[in-house]
Amino acid sequence: MRKSIALHLGLIALLIVLQFVLPAYHHGNMARIMVMATYAMGYNIMFGYTGLLSLGHAMFFAAGLYGMGLSVQFLGMGVGPAFGMGLFASLTLSLVVGLLALRTLGVAFMIVTLMFSQTIFLVILYFNPYTRGDEGFVIQQSVRHIFGLDLSDPTIRYFAALVLFSTVLIGTLKLVQSNIGRVFIAIRENEPRAKMLGYDTWRHKLLSVVLSGTVSGAAGASYGILFGYVGASFAQVPYSIFPLLWVLLGGAGTVIGPFIGTLFMFYLIDLSSTVTDAYMLVVGVVLVLLTMFARNGLIGIVRERWAKWLP
Amino acid sequence: MEFGPHLLLATLEGLVQASVLTLTALGLSLVFGVMRVVNVAHGEFYMLGAVLAWFVTSMIGGSAAIGFMAALIIAPLLVGLLAALADWLVLRRIDYDPERTIVATIGLLYIIQQVTLMTYGPDAHPVAPPFNTRLALPWFEFTDGGLSMYWPWGLSTTSYKLFVIAAAIVTLLALWMLMAKSKLGLILRATQLDGETAQAFGIPVEKVYALVFGMGAALAALGAVLVVPIQQAHYLMGDDPLLLSFIVVIIGGLGSLRGTVVAAILIGMSDGIISVFFTPTLAKILATLLVAMVLVYRPNGLFGAKPA
Amino acid sequence: MAAVTLLSTRAVSKTYGGLKAVQNVDFILPKGEIRALIGPNGAGKTTFVSMLCGRIPVTSGVIEFEGTDVTALPDHKRISLGIAYTFQITSIFANLTVYENVALAVQRHHVGSDKNLKIQTKIALARVGLHPFSDQTAGDLAYGHQRLLEIAMGLGQTPKLLILDEPTQGLSDGEIDAFKTLIRDVAQTTTVLLIEHNIDVVMSLADQITVLNFGEIIAEGTPAQIHANAAVQTAYLGGDDA
Ligand SMILES: Nc1ncnc2c1ncn2[C@@H]1O[C@H](COP(=O)(O)OP(=O)(O)OP(=O)(O)O)[C@@H](O)[C@H]1O
Ligand SMILES: [Mg+2]
């Protein structure tokens, strides 16, 4: 218990130090990685801890992104309240999707989430006059202020991303060590048994979907605020596959795994882009190799071999 | 044009679409039916079929007909072999676990798509049809003198389109014969019922799986070769057939071949009709939502038995 | 002492397609009893108790627990009322530790501090003698120990009614003796419904025995009465004694 708190606080401390020493290029990358790792942590709540494999998380990310972006654009909100709108949008969507999709299991669940997400993407295209479709729209720099801080400034952006990341990291840690988190894990491991212990597994699964979707939405809203762009590409299939990939690579069902996976994948793609434009090839190869040879991901392997205590 | 002839034309166009869709969706359904796995890379095998058809026809040169006929055989064969290889190297090693198979085939999807992008390039290329005679169609109307036949202006199709429909029907019949009458069909059906028992009775289940996975991909490729003289070959062309095949297989009832054929014809035919009334995006939204809802409320498909 | 009824069924049946797994069972279980449920393989014992705990729905009939109709109640709610079921086919959380398995059972019903949760969990483990294995991965335990873990999870739920489905299967003689002592102890506070093939265990533990054959109750009574019952002899015990 103490070891795990030390590890996670240590990571946050390291990220604070990195803000002062990283060269500009990697500094910008790291801010992006922290936001995307938050998305991955949201995904992990459902997939890693509760055992529900969604192929449609882009819809939650997009709900946060557009909930925020449209509120700024058409309701003239500041980014603070607009962030709240993003959260609300993703929470509502995840509740609805959860209520419907949880009626199915396994492969059907995967396809249903994929289909719902595709619907959301098409809806964004359909309302092209508001969303500007594929092209997307920019959140003006003049709007991206909160408490008098300019969120487009690299240092402030870095810290804002760090606040989001740390909150979700510690939140996830608390969650998985709580009673509710243990029930999530019980459902992942053996749902019929969890039921026979008296747990309302359906309700817990719904809670997991809502938490997961809302955290993903928070990541989406933050992404729009910090990087100033809202676009339909974030609602497309690849953005549902990425968090799955990051979590699988880092280690599903580990608190720190999503961050490690996002970090590795980001730089893997970054490096490969100097060789080829077809960077999705790297994504494909890593996915296949992971399913074949490293089901538990990097941190999963560490946990198996050296550190059973890792949450 | 009047309503009657117009409908005939729409029906013919719809039938061409439905023919290609039936073949593609059957491939997906066959794989799911026998192996109980969902192949997300199915659309890429379709795309490969089209791209290979272009390679074959441009390499052979000469008359369009010879090149095309060669492509019709070579492309599905190569794609089938490649898929069987992927099955042997990847899916077999993850024990056909349903969830991991989906993840692995997503990986395959990107590998195939991106390698095609790197070799074939981002442009679309046409393939010439082997024959393309314009055929005018007659229509009937009642006049004072009774029933009379006339040839409305614009009511026509091409010999190639009729060929596509015929080719699909022939393939369907062949597949049905194979499943119902041959020893291989018996083996497939036994494996579908219960893989473990089949194994115990000496059926080499792993080889059957590789064969089925290859056959499924080859069916998609065949559909693509047929479509490529009407529609150009492009490295991203696999997305829509994948989505449509999913829709068909789900509506028709996962793994049911008969349901798949019925649903493919229905959806292929209505695709054109729906997009007359709605914008294409709205039509897609409705179709996608419908499929999700069918899976949620009728997991055995619209034509399948009600869940217990 | 006028016995209070804890659980009763009226005309409970379960059919699978054409197969009548359980037919018209009227069953009354008084509070505080150790009741054994016996019968040949396939008699419908597991099916019957699964309907009691809500794992499978009844085809027809009524189940009452503490005087209220629970037939339509979903499984987890019924368990929450104070029924615990240990699986015939071992069903544990194989990738979690032994401790976590039992903690999950305790957690559902326990009120109070985390410390109390720990203590309750340790007590349940100690009662079945698994405390030395707390930190082991449950799936790595020997088969007999996994059976004991099932029982520990049942105890951890502190149920009013503990249903044990062939708990001694795979246990050593020494472990069976310990099991008997444990159940006598448990029965001080808990009603026990025990499905068992080991006749020695049944005879020495049970207050009353119910015999099921082809989904129907064919006899009910004290161990001595059942031992003397001719119908039971032919249906079931006969095979063993001959
Ligand atoms: N899900 C099911 N579907 C169809 N038949 C079933 C099902 N479950 C049980 N049965 C049948 O119901 C009958 C009763 O089974 P049950 O498991 O209740 O017997 P049992 O008394 O517990 O036997 P055992 O001593 O072997 O555990 C058997 O004939 C069995 O084959
Ligand atoms: Mg049984």
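Predicted model: local features only at pLDDT ≥ 70, side-chain atom pairs only at ≥ 80, totals over all residues.

Biologist: What makes the pair Glu150(C) and Arg193(A) a salt bridge?

Modeller: The closest N and O atoms of Glu150(C) and Arg193(A) are 3.0 Å apart. The cut-off is a side-chain nitrogen of Lys or Arg within 4 Å of a carboxyl oxygen of Asp or Glu, so the pair qualifies.

Biologist: And what else goes on between chain A and chain C?

Modeller: On the chain A side 18 residues are in contact with 26 residues of chain C. The two chains bury about 1,900 Å² between them, and carbon and sulfur atoms give 57% of that. In chain A, Arg193(A), Met196(A) and Leu197(A) lose the most area to chain C, together 39% of what that side buries.

Biologist: Now the metal. How do you know that Thr46(C) and Gln88(C) coordinate the magnesium ion (ligand 2)?

Modeller: Their atoms OG1 of Thr46(C) and OE1 of Gln88(C) sit at 1.9 to 2.1 Å from the ion. A donor has to be an N, O or S atom within 2.8 Å of the metal, so both pass. Thr46(C) lies in helix 1 (residues 45–53) of chain C and Gln88(C) in the loop between strand 6 (83–86) and helix 3 (98–109), so the pair ties together parts that are 42 residues apart in sequence.

Biologist: Why is Thr46(C) called partly exposed?

Modeller: Thr46(C) has a relative accessible area of 23%. Buried means under 20% and exposed means over 50%, so a value in between is partly exposed. Gln88(C), also at 23%, counts as partly exposed as well.

Biologist: Is Gly261(A) buried or exposed, and how do you know?

Modeller: Gly261(A) is buried: its relative accessible area is 0%, and the limit for buried is under 20%. The residue is found in helix 11 (residues 257–272) of chain A. Leaving out residues up to four places away in sequence, Gly261(A) touches Trp246(A), Leu249(A) and Gly250(A).

Biologist: What makes Leu15(A) stand out in the largest nonpolar core?

Modeller: That core has 245 residues, and Leu15(A) and Phe165(A) touch the most other members. Beyond four places in sequence, the contacts of Leu15(A) include Met30(A), Tyr158(A) and Phe259(A).

Biologist: Last one: where in chain C is confidence lowest?

Modeller: In helix 9 (residues 230–241) of chain C, at a mean pLDDT of 62. Chain C averages 88, and 96% of its residues score at least 70.

Definitions and conventions:
Residues numbered from 1 in each chain as written. Chains lettered and ligands numbered in written order. Heavy atoms only, no water. pLDDT = per-residue confidence, 0-100. Helix = DSSP H or I, 4+ residues; strand = E, 2+ residues; numbered from the N terminus. Donors = N, O, S within 2.8 Å, 3.2 Å for Na, K, Ca; no water. Buried < 20%, exposed > 50% of the residue type's maximum accessible area, 1.4 Å probe, protein only. Core = buried A, V, L, I, M, F, W, Y, C linked by side-chain atoms within 4.5 Å. Contact = heavy atoms within 4.5 Å. Buried area = accessible area lost by both parts, 1.4 Å probe.
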